[in-house]
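Here's a quick tour of one structure, with a stop at a helix residue, a hairpin and the nonpolar cores. Have the viewer open as you read.

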Amino acid sequence: MTRITDPSAIDGKFPLPAETIDVLVIGAGPAGIAAAMEAARRGRAVVLIDENPVDPGLMGLDVPLYFGARMTAAVRNPGRILEQIVESNPDIESAINLGVDLRLGVTAWGLFVNGPSLRSLPTSLVGLADSDRSWMCGFKKLILATGARDIAFAFTGWDQPGVTGARALECLVERYGAFSGERIAIVGSGELAARTALMAIGRGLQVAALIEVREAAECGSETLAELNSAGIQILTGHVPRAAIGGAEGVKHLVLSNAHGAEVGLDCDTVCMALGLAPAIELLSAAGAALVPDSHRGGHVPILAGWETSLKDVYVAGNCAASFTSTASAADQGVQAARQALGEAYVSPRFPRADAWAYQSAWFEALTRHADLSLRVCQCEEVTRGDILAVRPPKYVGGPIQRSSLHDLTSLIKDGPVDQDQIKRLTRACMGVCQARRCREQVAFTLAQAAGVEPAQVPLAGYRAPVRPIPLAVLADWQENPAMSAEWEPWFRIRGQWAAYEDIGTDREFTTVFGGG
């Protein structure tokens, strides 16, 4: 069968990438460094990129982690932060000594692989950017070790400086040495919360308490013994009700138990440690097959070994399953590299903890008496009441008559609940943080209202760029002249579109523009 190509399309016109890498690894955590070192030992040319140190402006938007404005002015000194990152991770020097091309402060904002809806690329590509420019990087093998991000749930006062995530807190304390707080209250008592508390104590910080909605701590007995030995108290059967603060953010946290009795904790930071969401943004935007799996921490890629549904794209570490320990992540990185190079590997074995069951218990407790004016989406100022009533954005004025007839209950009756639909109707999850603070809690809101499990709420779509890259950086693009030669016929807006057979003929101007 002869394939017909539209000469105005960009098939065969896309420029070659600035570089093409044998093995490209994204993420310089335990999994990524282990993968890069394994590939380098086998004689492959390896490039390892990591977005840290993150631009301070993005950190202020809680990208890529929920920093909660608890970073010091040290983050504005990139040279100092670079030194801190290297000093905090001895494996970085080992990777460099093996010949790994390490690039810090480089963001991967898009993944593009030829497939059913994309066939014009000269090779598989990753969009990269630093503070000055953006470029395309081709690859033969790609290993994603993008980790996981913090999950946050709203309560009164959560939208002020001082409410942060566990992974962000670890980054500021361990990797950056740039944490501005002193006394921390940690929400949660699982392994993530416990390890965060022990890390903080080890760094000379104070831990006011671990707060647990259930009647017993969630961490294992050995970890619990470590907490007791460190003198860290666990307040079971309690939930945060309000964070009280001033000009610099949180100063006090009010808790309540199932009977409504309140207790207060003095603290300057509230750390949300209820779980981590696998960072699958690049995979989702590229059209990889994903599956909701509470036992792996959320929406995760479908795997054959460590390979995703995208050819030559592999994963390792917390982006494959968010319960991964440091040692396990490093082992996964090695296995992913071996499979990518066609060698023997060990198939994944993931822990079986149920992330969504635990998070659902917290969500139910936090929303049981929640005020409808509680702001859920900070960027777009969308409240819990706005989502339940499906109210349009405030900047368009009051709801029109037809839209006021619908709320979340009526939409659920019309068909399956859909987070992308709610996003378009209310703008929840459409802000500059790209839903890193509200994606999960909006999904839980829909599941709660529909009476279904969180797994039944489809994942809201990701699109490139998966990081809020400045337009000045993305615009630095040298388009192939052959690509731009045919743009004009496609964008003659007055007539919408010219018929394909009319393009380049007198009929184009007669039928579309009336001979004008």
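V173 sits in helix α5, which covers residues 166–176; helices here are DSSP runs of H or I with at least four residues, strands are E runs of at least two, and both are numbered from the N terminus. The model is predicted, so local features need pLDDT of at least 70 and side-chain atom pairs count only at pLDDT 80 or more, while totals for chains, interfaces and linings use all residues. Residues are numbered from 1 along each chain as its sequence is written, and side-chain values use heavy atoms, with hydrogens and water left out.

V173 counts as buried because its relative accessibility is 9% (buried is under 20%, exposed over 50%, partly exposed in between, using a 1.4 Å probe and protein chains only). Leaving aside residues up to four places away in sequence, V173 touches F179, M199, R203 and L205, where contact means heavy atoms within 4.5 Å. M199 is 26 residues from V173 along the chain, and their C-alpha atoms are 8.7 Å apart.

Strands β17 (residues 290–293) and β18 (residues 298–301) run antiparallel, joined by 4 bridges; pairing takes at least two DSSP bridges. L290 has P301 as its bridge partner in β18. Between the strands are 4 residues, and G297 in this hairpin has a positive phi near 105°.

## Nonpolar cores

The largest nonpolar core holds 90 residues, with L24, L111 and Y176 making the most contacts inside it. Such a core is a set of buried Ala, Val, Leu, Ile, Met, Phe, Trp, Tyr and Cys residues joined through side-chain atoms within 4.5 Å. Another core, of 33 residues, lies apart from the largest one and includes I211, C267, Y358 and W362.
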